[in-house]
Amino acid sequence: MSLQQDLENRSGNQCELCTSKENISVYEVKPTSTVGGSGVDGSLLACETCITQIDNSAEIAPNHWRCLNDSMWSEHRAVKVVAWRMLSRLRNEGWPKDLLEMMYLEDDDVRFAKESGDHLDESEKIIHRDANGVILESGDSVVLIKDLKVKGSSMVAKQGTAVRRISLDHENANYIEGKVGPTQIVIITDYVKKMAEKE
């Protein structure tokens, strides 16, 4: 069975956020690698209206998201995470703040929900850029442009080393994290270059 069919069965063939049956498609909740890759746990079925507003803050119509009053109680992680992110982005409207206070997420789900920065209003977002000024996003791959001594160890991460599926520090635009071999390290963005998708 395909992912779309699995999600259609799970949702009753409707948007898992607002219950619309029009123009629905699979929406992968980023960063997908954190939820064990793409798949049923990391995706939901959403309508075109919801997807457009999730992906573009300028398109958000707050009253559309009153539907989260119901969908935030979903048992499915992807649905809960998107509900939490959208309520967080809308919290200045008043009513979403009340819903957020009622909502419960496991600690792991909250960490995942915050990882993309999608819960922040545009004015609050910290932008991470590589040495060339290219914007970095969670899940991107980068390459080191100089040798880096790894703090607390004798290891040196060599220039040219690829670091895949980075995560972002949402309090400091200069820091990202990623694995070099088995070791998770903090890297300063000035010392990396974003890799093209095909590299």
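A disulfide needs two cysteine sulfur atoms within 2.5 Å, and a search of the whole structure turns up zero of them. C67 is buried, at 16% relative accessible area (buried is under 20%, exposed over 50%, partly exposed in between, with a 1.4 Å probe and protein chains only).

A word on the model: it is predicted, with local features needing pLDDT of at least 70 and side-chain atom pairs counting only at pLDDT 80 or more, while totals for chains, interfaces and linings use all residues. Residues are numbered from 1 along each chain as its sequence is written, and side-chain values use heavy atoms, leaving out hydrogens and water.

The largest nonpolar core has 34 residues, and C15, L17, V29, L44, W65, L68 and L87 have the most contacts inside it. (Such a core is a set of buried Ala, Val, Leu, Ile, Met, Phe, Trp, Tyr and Cys residues joined through side-chain atoms within 4.5 Å.) The largest share, eight residues, comes from α4 (helices are DSSP runs of H or I, at least four residues; strands are runs of E, at least two; both are numbered from the N terminus).

Apart from this core lies another, of 14 residues, including V142, L144, I166 and L168.
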